[in-house]
Amino acid sequence: MFERQQKILEAAVRVIARSGVRGLRVEKIAAEAGISTSLIYYHFTNRAGLLRKTLEFVSDRAAAYTEAAAAEAADPRAELELMLFGELQDTQAVRENSTAWGELRASAVFTPELREPLAESTRIWVDEVAEVIRRIEGAGAEDAAERLTSLVEGLSERWLSGSMDLDRARELLRGAIALELDRAGT
């Protein structure tokens with residue numbers, strides 16, 4: 001059963017990354033996954049359930065590739081940089097994931113049942129970043145993590161929408177990390 005759900009969620013991310021959430025139809029996901037719509041309803045009950053699980057899937061996938069990048073770090077500052085820069089990679093997985101995340105975030109404005117799962121995913125990411133910052137500087141880690149993760153989301157959206165190139169997004173992130181960490185005297 002896990003493999004079928006995984007296949008459906010991967011298809012949902014691809015469809016959302018291509019077409020957005022507002023016009024999303026379960027039929028499109030079923031076609032993308034090569035399954036029946038009834039199988040989607042069996043696993044996820046309804047469209048809202050599918051969107052909630054897709055949000056969790058996107059969050060888990062992002063955590064996997066950012067943690068893998070950060071695991072190569074020699075010290076907490078390098079870990080922080082690799083963790084945040086993991087969201088600004090020009091790979092298909094990151095592009096799809098970041099596009100789907102942005103779409104799901106925007107949809108939460110109009111879909112109240114997405115708000116709590118989105119807030120929880122955001123809290124987890126901010127807490128993970130704050131934990132690394134605490135190992136670098138200590139005080140003010142939560143605020144710094146909130147600012148940096150918000151910046152990464154905004155830079156990602158600008159990059160993906162074509163309003164900014166990836167090198168510029170990375171340059172701005174590098175500067176923001178330096179400002180946050182240097183402000184505390186590290």
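Q: Is arginine 183 buried or exposed?
A: In this predicted model, arginine 183 is found in helix α9, where its contacts, leaving aside neighbours within four places in sequence, are with Arg147 and Ala178. Its relative accessible area is 56%, and since a residue must be over 50% to count as exposed, arginine 183 is classed as exposed.

Q: How far apart in space are arginine 183 and glutamate 137, C-alpha to C-alpha?
A: Along the chain, arginine 183 and glutamate 137 are separated by 46 residues. In space, the distance from C-alpha to C-alpha is 9.8 Å.

Q: Are α8 and α9 roughly parallel or antiparallel to each other?
A: The two helices pack with their axes 10 Å apart, at an angle of about 170°. Angles over 145 degrees count as roughly antiparallel, and α8 and α9 are therefore roughly antiparallel.

Q: How many nonpolar residues does the contact of α8 with α9 have?
A: On the α8 side the contact is made by Ala144, Arg147, Leu148, Leu151, Val152, Leu155 and Trp159, and on the α9 side by Leu166, Ala169, Leu172, Leu173, Ala176, Ile177, Glu180 and Arg183. Sorted by class, the contact has 3 charged residues and no polar ones, and the number of nonpolar residues is 12.

Q: Which elements give two or more residues to the largest nonpolar core?
A: The largest nonpolar core has 27 residues, and those with the most contacts inside it are Leu80, Leu84, Val129, Ile133, Leu148, Leu173 and Ile177. The elements that each contribute two or more residues to this core are α5 (76–85), α7 (112–136), α8 (141–161) and α9 (166–183).

Q: Which residues does leucine 148 touch, not counting residues up to four places away in sequence?
A: Leucine 148 is among the residues with the most contacts inside the largest nonpolar core, and it is also one of the α8 residues in the contact with α9. With residues up to four places away in sequence set aside, leucine 148 touches Leu80, Leu84, Ile133, Ala176, Ile177 and Glu180.

Q: Is serine 156 buried or exposed?
A: Serine 156 lies in helix α8 and, apart from its neighbours within four places in sequence, is in contact with Glu87, Leu88 and Ser98. Its relative accessibility is 6%, and because the cut-off for a buried residue is under 20%, serine 156 counts as buried.

Q: What should the 17 residues of helix α6 span, at 1.5 Å a residue?
A: Helix α6 covers residues 92–108, and its end C-alpha atoms are 24 Å apart in the model. The expected span is 1.5 Å times one less than the number of residues, and the distance in the model agrees with that expectation, which is 24 Å.

Q: Which helices do the buried residues of α6 pack against?
A: The buried residues of α6 are Val94, Glu96, Asn97, Ser98, Ala100, Trp101, Gly102, Leu104, Ser107 and Ala108. One of these, Trp101, also belongs to a second, separate core of 26 residues that includes Val26, Ile29 and Leu50. The buried residues of α6 pack against α1 (2–19), α4 (47–70), α7 and α8.

Q: Are α1 and α4 roughly parallel or perpendicular to each other?
A: The contact brings Gln6, Ile8, Leu9, Glu10, Ala12, Val13 and Ile16 in α1 together with Leu50, Leu51, Lys53, Thr54, Phe57, Val58 and Arg61 in α4. By class, this contact has 9 nonpolar, 2 polar and 3 charged residues. The axes of the two helices come within 10 Å and cross at roughly 90°, so α1 and α4 are roughly perpendicular.

Q: What is the phi of threonine 45?
A: Threonine 45 lies in the loop between α3 (37–44) and α4, and with a relative accessible area of 61% it is exposed. Although threonine 45 is not a glycine, its phi is positive, at about 70°.

Q: Which residues does tyrosine 41 touch, not counting residues up to four places away in sequence?
A: Tyrosine 41 is found in helix α3 and counts as partly exposed, at 37% relative accessibility. Beyond residues up to four places away in sequence, tyrosine 41 touches Val26, Asn46 and Arg47.

Note on methods
Residues are numbered from 1 along each chain as its sequence is written. This is a predicted model: local features need pLDDT of at least 70, side-chain atom pairs count only at pLDDT 80 or more; totals for chains, interfaces and linings use all residues. Side-chain values use heavy atoms; hydrogens and water are left out. A nonpolar core is a set of buried Ala, Val, Leu, Ile, Met, Phe, Trp, Tyr and Cys residues joined through side-chain atoms within 4.5 Å. Buried means under 20% relative accessible area, exposed over 50%, partly exposed in between (1.4 Å probe, protein chains only). Helices (H or I, at least four residues) and strands (E, at least two) are DSSP runs, numbered from the N terminus. Contact means heavy atoms within 4.5 Å. Axes are lines fitted to C-alpha atoms, for helices over the stretch in contact, and angles run from 0 to 180 degrees between N-to-C directions. Angles under 35 degrees count as roughly parallel, over 145 as roughly antiparallel, 65 to 115 as roughly perpendicular and the rest as oblique. Ala, Val, Leu, Ile, Met, Phe, Trp, Tyr, Cys and Pro count as nonpolar, Asp, Glu, Lys and Arg as charged, and the others, Gly among them, as polar.
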